[in-house]
Amino acid sequence: MVDSNSETAFLAEDFQIPTYILKPESEVVTTPNVPACPVIVFINSKSGGQLGGNLLVTFRSLLNENQVFDLGDEAPDKVLRKIYVNLEKLKLNGDEFAGNIEKRLRLIVAGGDGTAGWLLGVVCDLKLSHSPPIATVPLGTGNNLPFAFGWGKKNPGTDDHAVKSFLGQVKKAKEMKIDNWHIFMRMKAPKEGSCDPIAPLELPYSLHAFHRVSEADEMNLEGFHTFRGGFWNYFSMGMDAQVSYAFHSERKLHPEKFKNQLINQGTYAKLGCTQGWFAASLFHPSSRSVAHLAKVLILPKKGQWQELHIPNSIRSIVCLNLPSFSGGLNPWGTPNPKKKHDRDLTPPFVDDGLLEIVGFRDAWHGLVLLAPKGHGTRLAQAHRIRFEFHKGASDHTFMRIDGEPWKQPLPVDDDTVVVEISHLGQVNMLATENCRSRSVHDPTTPSHDDAEEEDDSNEEDPTEDEEAFKKFGAADTFKIPDGVDISHLS
């Protein structure tokens, strides 16, 4: 039997932060040694059904309860500003203990991808000289961010043993930088109605970072509406975002139906069917294609702006930073050496200042991701991306940032609507030994040798429009719904 006193000492020596660091008005009481891995924990208690609340209770019982925050009660920007202001004051007063806490500090965020993105955005905005690295606990449905850095995609255990095990992983995890991306949208102020983003019934965390700029903002332009935001994993537009929007709307209307990850994924799949994502060519004609909606321009890391050819069959476009989308799938895949050479492609590093742009025709096309070495239609890699919307092409579209969707109204009489994505900076993540992401500074981790690269000599021609790959099982947006018989399909 493990001695409970020794476990308590282990937690105190490695992870616990004295209260005076966290609450400026507290009495200064230090421990003999600086903790090896001091952590501040943010938990979305509403994520994962009951799991978020249970996890909050466990973390608070094991650590100093003042270092564990419920995001439903306290926003991370206010929490971190207060703590870092206090740290600076303490260091100015000669407190070396506080200085060492700051150097070793690590953050933990438990929630879905939107929650994790919220915290990453806050850390980025703080512009600290050394940003604390962040570990992610998968409490959402897709969990793309945790999966990309080795933290898994299944909802975790919430008992003492599971949390202690996770803390041990946080202590051993290595730091890894990740690009973050700025998204900018501008359009003429409509003559009537509103063109503000419409969230699925209530404002999701991603839209904290995508909103109309104030009149005092330097990017504001009289007579126009200007929106700005940011993302770390992906930006998508089209049918996949529409299905995601329907899912989030349904969850807000009937939260009692969304109590665990498996049920959530099944509901997601059924909505994909009812929204016509599995038969996009029938339910959504070419007028709903990305090419009909907007012209797409890209700026390579070296070179000039150029127009990107988008096949008319593409109804969903994904600008991807991490090798994890729609519940852990990798739409870009691993091009073989010939493809890399012929198209001047590089491996999909998460810190190289490039986004991978992938297109999908429909959900059947997406199912190919579940096959060994499967991938979507690789369109390009780019340092900046610009969408110029065609006048009157549609009165709305659907967009999604890091798992959080919204409906975007478009003025029908405006030929100046643009969305532009550009590289903004980097933040630090924590990665386990199972990390799937790769760094341009350390291409050998995780190990991917040439033997794993695909033989995609039969890769579809992106100019062809054909039904394909209707054989594979499912995940999230691309999951085959229960009750849909595919035995007659070839």
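A crossing of two helices is called left-handed if the near helix is turned anticlockwise from the far one by less than a right angle, and right-handed if it is turned clockwise. The views below come from a predicted model, in which local features need pLDDT of at least 70 and side-chain atom pairs count only at pLDDT 80 or more, while totals for chains, interfaces and linings use all residues. Residues are numbered from 1 along each chain as its sequence is written, and side-chain values use heavy atoms, with hydrogens and water left out.

**View 1. Helix 4 and helix 6 cross in a right-handed manner.** Helix 4 covers residues 76-92 and helix 6 covers residues 113-126, and the two pack at an angle of about 40 degrees with their axes 9 Å apart. Here helices (H or I, at least four residues) and strands (E, at least two) are DSSP runs, numbered from the N terminus, and axes are lines fitted to C-alpha atoms, for helices over the stretch in contact, with angles running from 0 to 180 degrees between N-to-C directions. Helix 4 and helix 6 are therefore oblique to each other, given that angles under 35 degrees count as roughly parallel, over 145 as roughly antiparallel, 65 to 115 as roughly perpendicular and the rest as oblique. On the side of helix 4, Pro 76, Asp 77, Leu 80 and Arg 81 meet Trp 118, Leu 119, Val 122, Val 123 and Leu 126 of helix 6, where contact means heavy atoms within 4.5 Å.

**View 2. Helix 3 and helix 8 also meet in a right-handed crossing.** The axes of helix 3 (residues 51-62) and helix 8 (residues 160-172) come within 10 Å and cross at roughly 70 degrees, and the two helices are therefore roughly perpendicular to each other. Leu 55, Thr 58, Phe 59, Ser 61 and Leu 62 of helix 3 make the contact with Asp 160, Val 163, Lys 164, Phe 166 and Leu 167 of helix 8.

**View 3. Lys 127 has a positive phi in a residue other than glycine.** Its phi is near 50 degrees, and Lys 127 lies in the loop between helix 6 and strand 4 (134-138). With a relative accessible area of 69%, Lys 127 is exposed (buried means under 20% relative accessible area, exposed over 50%, partly exposed in between, with a 1.4 Å probe and protein chains only).

**View 4. Asp 344, which is not a glycine, has a positive phi as well.** The phi of Asp 344 is about 55 degrees, and this residue is found in the loop between helix 13 (337-343) and strand 12 (355-360). Asp 344 counts as exposed, at 65% relative accessibility.
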